[in-house]
Amino acid sequence: MTYSAPDWFDIGPLEHIPQRGARIVKTARRDIAVFRTAGDDIFALENRCPHKGGPLSEGIVHGRKVACPLHNWTIDLESGAATGADRGCARSFRVKIEKGRVYLEMSVAVAP
Amino acid sequence: MSEEAQRTSPRLVVVGNGMAAGRMLEELFQRAPDKYRVTVFGAEPRVNYNRIMLSPVLAKEKSYEEIIIHDEAWYRGKGVRLHKGETVVSINRAARTVTTASGRVEAYDQLVIATGSTPIAIPVHGVTLPGVVTFRDLDDVETMIDQAKPGRRAVVIGGGLLGLEAAAGLKAHGMAVSVVHLMPTLMERQLDPSAGYLLQKAIERRGVDVFTGANTQAILGDASVTGVKLDDGRVIPADMVVMAVGIRPNARLAKEAGLDVNRGVTVDDFMRTSDPHIHAVGECVEHRGQCYGLVAPLYEMAKVVAARLCGENSAAYQGSLTSTKLKVSGIDLFSAGDFGDAENDEIVLRDPSRSVYKRVVLRDNRIVGAVLFGETEDGAWFFDLMKKQTDVGAMRDTLIFGQAYQGGSPLDPMAAVAAMPDDAEICGSNGGCKSAITSAIARDALTSLDEVRAQTKASASCGQCTTKVEALIAAALGDKYKAANRKPMCKCTDLTHEEARGLIISKKLASMPAVMQELGWKSSCGCPSCRPALNYYLLCAWPLDYKDDAQSRFVNERVHANIQKDGTFSVVPRMWGGLTTPHELRAIADVAERFRIPTVKVTGGQRIDLLGVKKEDLPAVWAELNKAGLVSGHAYAKGLRTVKTCVGKEWCRFGTQDSMGLGVKLERLLCGSWTPAKVKLAVSGCPRNCAEATVKDIGVVCVDSGFDIHIAGAAGLHVRATDLLGHVETEEEALEHVAAILQLYREEAAYLDRIYKWVEKTGLARVRAKIMEDHDARRALYARFLISQRAVRKDPWAERVAGFGAKEFTPLAVVMPIAAE
């Protein structure tokens, strides 16, 4: 096993993501939804609802959760897990803010 | 200090004589009074004073003498050589000397940089005019006091901590004061929107005008300031402008000396700069990416610097949790930690009648943030629990009531009401005490909430005390009480949709935070169920003033297209009354080919649906359709969808009126309007009803003598034939009546109720009376409808094509391998 340092990619300024909204980052492997809460916390999940693959980036962000636009499953932004009675989990990725810019840990994000 | 020590002990030079430097020296002398020969350079011509008390000085509540921390005697007593009014202009790190503006050179063994911060001046025209001041030091305060005369006008740019304190201070001098703030709510970095709303109300109550969401374009004036111009064109007259948009670390000296500088002078956990002989402390510092502008962190840093200078190698600074208070007398607010939007786990307590708002945010049973407004006694307690990361799981139910309430058992609301004394106030709005309500229940044999409301007015205004009043009725009637079939909007409130709507109007609530505070919402910012509803109610109530909140809308309404199961969208252009032209069809065909749109389908509403459009293609697709004159069909909206028509008398041998023409006119009149749920219309040219008008929300059936107007049909999950509302003779009347029906529905229905649902609740007879019989009421409805249409008379597609919210449609970033794997 090889150790690799985190591979932080600058994906743009924070203000390019609407508060209580999301934007996507397209990679060869998958689309990643980057969410910004009203409190300027950010989270990154694979842009697929664990239910039927709905684009989570299009959902209504409330608190640290997002409601999938297709069937209203509520997904926890931190863990990617469905909340309430629903079961399933969207993959989550590491993301951080530095000096007003958003960085995504890309080595994991583009891994299979 | 002995003479020997005077000559041989190491030399410590401190650049800056503010609060951080002062506290560092105190900490140092406590540990080792004689270790260093200390020299201090202060740019201000005075001793160290308490900068955070400048607001009370400005407000004439305190004098300069009262805020001095270290007087001349203190420096003398500690053997400190203090050079007041002497600015250090350079550091020679190789020679270990500093040079001042007057040319003095001072050698050091250890140097501490404590240069503080400088106010930020926004780069607008006029910023250098006489009359523009900052609010940073005593000179600024003296300038302001000098210019602050009753009747003169001041504009404070910046609605943060400093700006609001300046505004309150100037108001105390009798000036007319306005605050101009860029963000939608005041102090948005320290407060959430609910507390920001209350703060604005409190500031305005003191006679200060507040402009939020206001961007300063220029400061006006020739010889001196005459006003501030906002980018929306408004001009606020001013004789003085206070620049209070923020501070930036003053790191110039360090930077020129070649030290590592980012936003501030970068230091490690030992407060060391990149030069081992130089420490830095205070607002000029950047530690772990963080710069601080509050006093508590400066003190923590000062302690570490002093300890390090005394050789305590274990001392380290870990960063600070900060809390905020506003020093404006009569306004109590407190905030600490992270409370942005963690509604996942929060406890909220609001008391609208006393303007109290308390919110504690938890994560894993630990407090991570708190915002208090109106009652802040427990701020320190919450902050302490937060810093110690205490598990508060066991006191969760009573936590929000504060420290005094801990240890008791949570109250059962029923028992609590029963235990209240007779004169206890139940309804704060209408002054109903417990006995007034219970005696009315007994005297008039009241059995329901509505009856109690009608007789006593209790719970009839804001509905805050509904639960308590219901508990009183239940206690009086016992098992006989059947709780009314009231369905609250959601878990954030006990109010029904209709009650909330009514209160938005009667209390003139104009923003989401206003609604949530004044109606006692149980969450800090609502949920996906109440937010879209409130957004609609506000839009409907204040069509010309309320600013639509896109993030409170379902994706379809945000992007003006319908999301499909694979995440692509469908696009439906309007075809007025179901009519189209070869030109439009050609444009649709071109778009379908050019963007490889996989499915083209005719809809049930007589138009064409383009299915499978990728989100990033939407603006280009709209642009192409716009060019051919096609606009959004709002097929995604809670609003007017289609007006279906049959051919009518223009062609049909049975047709009695021009049903196509009326359909087109209706669609043009009503389109773009937001409604509680979708609205579909149809116009049939004769009673054979080929347009199926009698299963629509509103249907018009043409007859020889005019037009029959039907409402409340449905043909979906629920199938229902319309009810005949009435008959009109002319086309103009038909248009006015239909628009008035739509407006009545817009103003009264609960969000997501289709027209048939609303009519079932409110009663057909009532709608008929308002529309067909009360001509004044109908005309007023029609007039209000036309006003609200003014605000939406633009094609959302064209707006988007023009670039409005363009970021919605493009990825934030695209990360693709340069070569194939």
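**A chat about chain B**

Analyst: Happy to! Let's start at one residue: leaving aside residues up to four places away in sequence, B:Ser320 touches B:Tyr292, B:Ala296, B:Pro297 and B:Glu300. Keep in mind that this is a predicted model.

User: Where does B:Ser320 sit?

Analyst: In the loop of chain B that runs between helix H9 (295-309) and strand S21.

User: And how far is its C-alpha atom from that of B:Tyr292?

Analyst: The two C-alpha atoms are separated by 8.7 Å, while the residues are 28 apart along the chain.

User: Does B:Ser320 count as buried, partly exposed or exposed, and why?

Analyst: Partly exposed, because B:Ser320 has 17 C-beta neighbours inside 10 Å, and a buried residue needs 20 or more.

User: Nice. Let's zoom out: what does chain B look like overall, in helices and strands?

Analyst: Chain B has 27 helices and 39 strands. Along the principal axes, its C-alpha atoms fill a box of roughly 120 × 75 × 65 Å.

User: How much of chain B counts as buried?

Analyst: 45% of its 821 residues. As for contacts in chain B with a separation of 6 or more, 63% of them join residues 24 or more positions apart.

User: Back to details. Which residues of helix H10 are buried in chain B?

Analyst: H10 covers residues 379-387 of chain B, and the buried ones are B:Gly379, B:Phe382, B:Leu385 and B:Met386. Looking down the axis of H10(B), these fall within an arc of 130°, so they line one face of the helix.

User: What do those buried residues pack against?

Analyst: Four strands of chain B: S21 (323-325), S22 (333-337), S24 (356-363) and S25 (366-373). S21 is also the strand at one end of the loop that holds B:Ser320.

User: Which residue takes a positive phi just after H10(B)?

Analyst: That's B:Gln389, with a phi of about 50°.

User: Now some helix pairs. At what angle do H13 and H14 of chain B cross?

Analyst: Roughly 115°, with the axes of H13 (residues 434-443) and H14 (residues 449-456) coming within 10 Å. H13(B) and H14(B) are therefore roughly perpendicular, and their crossing is right-handed.

User: Who meets whom there, between H13(B) and H14(B)?

Analyst: From H13(B) come B:Ala436, B:Ile437, B:Ala440 and B:Ile441, and from H14(B) come B:Val452, B:Gln455 and B:Thr456. By class, the residues of this contact are five nonpolar, two polar and no charged.

User: What about H16 and H18 of chain B?

Analyst: The axes of H16 (residues 497-506) and H18 (residues 530-541) in chain B come within 10 Å and cross at roughly 40°. That makes H16(B) and H18(B) oblique to each other, in a right-handed crossing. H16(B) brings B:His497, B:Ala500, B:Arg501, B:Ile504 and B:Ile505 to the contact, and H18(B) brings B:Ala533, B:Tyr537, B:Leu538 and B:Ala541. The classes in the contact of H16(B) with H18(B) are seven nonpolar, one polar and one charged.

User: Last topic: how many residues of chain B are in contact with chain A?

Analyst: 25 residues of chain B, and they contact 37 residues of chain A. Strand S39 (residues 813-815) gives the most to chain B's side, with three residues.

User: And how does chain B's side divide into nonpolar, polar and charged?

Analyst: Into 15 nonpolar, five polar and five charged residues.

How values were computed: Residues are numbered from 1 along each chain as its sequence is written. Chains are lettered from A and ligands numbered from 1 in the order in which they are written. This is a predicted model: local features need pLDDT of at least 70, side-chain atom pairs count only at pLDDT 80 or more; totals for chains, interfaces and linings use all residues. Axes are lines fitted to C-alpha atoms, for helices over the stretch in contact, and angles run from 0 to 180 degrees between N-to-C directions. Helices (H or I, at least four residues) and strands (E, at least two) are DSSP runs, numbered from the N terminus. Angles under 35 degrees count as roughly parallel, over 145 as roughly antiparallel, 65 to 115 as roughly perpendicular and the rest as oblique. A crossing is left-handed if the near helix is turned anticlockwise from the far one by less than a right angle, and right-handed if clockwise. Two residues are in contact if their C-beta atoms, placed from the backbone, lie within 7 Å. Ala, Val, Leu, Ile, Met, Phe, Trp, Tyr, Cys and Pro count as nonpolar, Asp, Glu, Lys and Arg as charged, and the others, Gly among them, as polar. A residue is buried if 20 or more other C-beta atoms lie within 10 Å of its own, exposed if 12 or fewer, and partly exposed in between; C-beta atoms are placed from the backbone. The arc is that of the directions from the helix axis to the C-beta atoms.
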